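Open the model in your viewer and keep the selection tool at hand.

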Amino acid sequence: MAILITGVAGFIGSNLASILIGKGKHVFGIDNFSRGSLNNLDSVRTSSNFTFEKVDLTNNEELLKIIGSFHAHEKISEVWHLAANSDIPAGVEDPKIDLKDTFMSTFGILGAMRAFDIPIILFASSSAVYGDHGDVPLVENLGPLLPVSNYGAMKLASEAAISAAAESFLDRAYIFRFPNVVGVPATHGVMLDFVRKLKITPKELHVLGDGTQQKGYLHVEELIDAMLLIQKKSKDKVSVFNVGADDEGISVRDIAEETVRVASPGAAIKYGEGNKGWVGDVPRFTYCVDKLRSIGWEPKLGSAEAIKRALAQIVIQETRS
Ligand SMILES: NC(=O)c1ccc[n+]([C@@H]2O[C@H](COP(=O)([O-])OP(=O)(O)OC[C@H]3O[C@@H](n4cnc5c(N)ncnc54)[C@H](O)[C@@H]3O)[C@@H](O)[C@H]2O)c1
């Protein structure tokens with residue numbers, strides 16, 4: 001039995017592939033390389049337990065052909081659906097990006113799962129499905145859910161399509177809602193943005209917004225640990241779990257100062273205006289992970305430690321690139 005990962009050449013997908021292969025699993029990965037890259041697969045590419053095919057999940061004909069021919073010689077037991085547009089501001093500029101890569105990719109993989117009787121989906125959703133609720137803690141059963149970005153809207157639509165599929169042909173669905181995940185290979189995110197900006201202008205760092213945005217950050221290794229624990233422990237037909245740091249988070253100002261200290265000491269930090277980094281940004285939220293704790297999850301790192309560890313890794317990544 002093999003495990004299919006969509007978006008395998010991206011940040012989280014490549015880490016997940018490496019961890020599952022390390023546990024002796026067979027992984028079949030697919031990606032269209034719109035944001036991921038072959039380099040991200042360096043640690044798994046040569047493993048005999050890894051197979052890769054380049055395909056766009058919204059090309060239904062090709063997707064069915066590729067999954068069908070793999071499935072014919074090795075059954076796929078579950079799909080980790082991670083492919084999506086991970087660039088929220090890009091989706092605000094052009095909503096078709098989220099429609100295609102975030103929603104239609106879900107629609108496409110569900111069609112293939114139906115065609116080949118693949119019973120389990122594990123879906124990377126997002127805290128963006130909640131929208132902006134100010135100080136109200138974001139709990140899994142909060143409603144109504146009113147996303148403020150197209151990205152969040154298409155993730156919520158994907159959750160809805162998965163829930164309907166569970167009623168008709170899936171055995172089980174896991175929906176993981178996470179906010180900010182950090183680590184390497186970084187493909188996007190605040191620290192990568194800062195480190196790259198400082199490479200171009202080492203004496204000055206321009207920050208989007210006034211730096212007061214405050215969010216929780218989870219290291220990718222902890223995210224994967226938590227998702228695997230949920231898969232093991234939760235027996236609901238459709239499980240919805242927040243997966244995030246269990247603290248008040250860290251401000252963009254603190255991240256900017258830490259990045260300057262590590263990557264370009266002495267650089268001046270110039271802040272923008274307003275407390276949002278971009279349209280559709282949720283500047284502050286309180287994330288409730290009580291449900292995750294109730295199944296025995298204990299985070300090892302807080303947001304500040306996750307940021308420090310990831311920053312050191314990203315600086316090395318960018319020095320090598
Ligand atoms: N990183 C985070 O902080 C974060 C937070 C919440 C949710 N998520 C979700 O987790 C998942 C993985 O995120 P990531 O940070 O690894 O992003 P990423 O951009 O590094 O990886 C996504 C991968 O999907 C691929 N892809 C996109 N559209 C595709 C398509 N139509 N067909 C085939 N492949 C396609 C990209 O090439 C990329 O390799 C995404 O669904 C993302 O929305 C990430």
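Select α1 and α7: their crossing is right-handed (the near helix is turned clockwise from the far one by less than a right angle). Helix α1 covers residues 11–22 and α7 covers residues 220–233. Their axes come within 10 Å and cross at roughly 60°. Axes here are lines fitted to C-alpha atoms over the stretch in contact, with angles from 0 to 180 degrees between N-to-C directions. Helices are DSSP runs of H or I, at least four residues; strands are runs of E, at least two.

This is a predicted model: local features need pLDDT of at least 70, side-chain atom pairs need 80 or more, and totals for chains, interfaces and linings use all residues. Numbering starts from 1 along each chain as its sequence is written, and side-chain values use heavy atoms, without hydrogens and water.

Now show side chains. F11, I12, N15, L16, I19 and L20 of α1 meet V220, L223, I224 and L228 of α7. Contact means heavy atoms within 4.5 Å. By class, this contact has nine nonpolar residues, one polar and no charged ones.

Next, select α6, residues 190–200. M191, L192, F194, V195 and L198 are buried there (under 20% relative accessible area, 1.4 Å probe, protein chains only). Look down the axis of α6: the buried residues fall within an arc of 165°, so they line one face. The arc uses directions from the helix axis to the C-beta atoms. Among the elements covering them are β7 (180–182), β8 (204–207), α8 (252–263) and α10 (303–320).

Finally, zoom out. The protein chain has 10 helices and 13 strands. Buried residues make up 52% of its 321 residues.

Terms used:
Buried means under 20% relative accessible area, exposed over 50%, partly exposed in between (1.4 Å probe, protein chains only). Ala, Val, Leu, Ile, Met, Phe, Trp, Tyr, Cys and Pro count as nonpolar, Asp, Glu, Lys and Arg as charged, and the others, Gly among them, as polar.
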